[in-house]
Amino acid sequence: MVSHTIVLGVGGGIAAYKAASLLRLFTEAGHSVTVVPTEAATRFVGVATWEALSGHSVTNSVFDMVEKVNHVQLGQQADLIVVAPATADLLAKAANGRADDLLTTTLLMARGPVLFSPAMHTEMWRHPATQDNIARLRAHGAHVLDPAVGRLTGKDSGPGRLPEAEDIFAASMALLDGTVAPGIEPGSLDGRQVVITAGGTREPLDPVRFLGNRSSGKQGVALAAAALAAGARVTLIAAHLEVPTPAGAAVVGVETALELREATLAAAADADVVIMAAAVADFRPATSAATKIKKRDDVADPVITLVRNPDILAELGATRATRQAGQLIVGFAAETGDDGGSVLDYARAKLERKGADLLVVNEVGGGKVFGQDSNQVTILARGSTEQAQAAGSKDQVAAAVVALVASRLAAAHG
Ligand code: CTP
């Protein structure tokens, strides 16, 4: 595996402690990491922690290690600079080219990609000043992840959480050319167009309510990062996600199954691979009220009538002849076994019924899979009794799926 030189900038927010997990992911993947915390960050996590975990001296002063011209050298030598958490103040400084400590000078000296992962309170995140700074950083070529949505420092919640270390790691790896999760061969999907659906659809009942599901979108986003790392151009059709999208993917946001169908069929027209990782609602309310449904004592309580949504995977399978020959269609199945058949019996029947080429089968039940970081799957291939297993994190599952897709495309195209 290629070892890279990474600078991990840490801003002064409570999420600074999560950067320690990110640091571990980088070092365990064989990369050399120098941590540069801001002065405020060291009030949350001490220098000793960063030094022990990284194996490198840590400072934020431009007057330390002057003989090495540290404030110039760190940025010049870094293959990647990741700032996590990036506070509102740090984003403001970086957007304006301030250079009053080691981290900000290093950011000005960057030669490689720079990734900011902001974390702050929702109000600060939404403030036009912060949004202007982010737009400016992006215009300068930096990558900025969206914060995750969820519980913040206090009792409040909303967008502003630092994404999970695994997600920042995946986004970082996608930026480092040729550096990929184990099992992915760089270049194995070069020139390929891959469409991936991710997340859970939301079917409106009225302007404020919807029927949804527990999908976090983690598996679909991990697949997108893995496909990008393998060299593909990726279109991510994103229903509701709880994780940030990977830098480098063309993202099409959708809400409902019908919107997801339209976006997927359009993107599939010239795709080599379509991966249906989204949790698509099988049913939607027959009607969606134009105004909020009110409780009223003089009227009976509402009854929701559901109608069937189209099965997009089955439609892709049935209409494959209208698109480019050799397009690979990959489905996901969440199954439980019962007296009528095992998980794999049901999955094989689903693979044939939906006309997919590959089916990634999760065994569900007992709180398994939805929203969790780990996953265990069996991958079935149509017209073959062969099956592959992948165990471990959603990144590892994604790597296994991408490897299988790449080898099937290579076999088909010679
Ligand atoms: N899928 C789809 N359109 C739908 C429902 C599901 O394209 N309306 C896709 C999912 O993205 C997934 C696959 O079909 O790739 C399997 O989903 P699953 O919910 O397991 O299939 P169902 O046919 O809904 O399963 P069940 O047998 O439980 O009805």
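β16 gives the most to the shell around the ligand, four residues; strands here are DSSP runs of E, at least two residues, and helices runs of H or I, at least four, numbered from the N terminus. Before going on: this is a predicted model, where local features need pLDDT of at least 70 and side-chain atom pairs pLDDT 80 or more, while totals for chains, interfaces and linings use all residues. Residues are numbered from 1 along each chain as its sequence is written, and side-chain values use heavy atoms, without hydrogens and water.

Back to the ligand. At least two shell residues each come from α11 (312–318), β16 (328–335) and α12 (343–354). There are 15 residues around the ligand, and M276, A278, L313, F332 and K350 come nearest; being near takes a heavy atom within 4 Å.

Now the polar contacts, meaning pairs of N or O atoms within 3.5 Å. A polar backbone atom of M276 is 2.7 Å from a ligand oxygen. D282 places a polar side-chain atom 2.9 Å from an oxygen of the ligand. For P310, a backbone N or O atom lies 2.9 Å from a ligand nitrogen. The protein covers 76% of the 590 Å² of accessible area that the ligand has on its own, by Shrake-Rupley with a 1.4 Å probe.

Next, the sheet. Five strands form an open sheet, ordered β2-β1-β3-β4-β5, with parallel pairing; a pair needs at least two DSSP bridges. The edge strands, β2 (32–37) and β5 (143–144), each pair on one side only. Two bridges join β4 (residues 114–118) to β5, and L115 stands opposite H143 in β5.

How values were computed
Polar contact = N/O pair within 3.5 Å; in protein donor to acceptor, adjacent residues only side chain to side chain.
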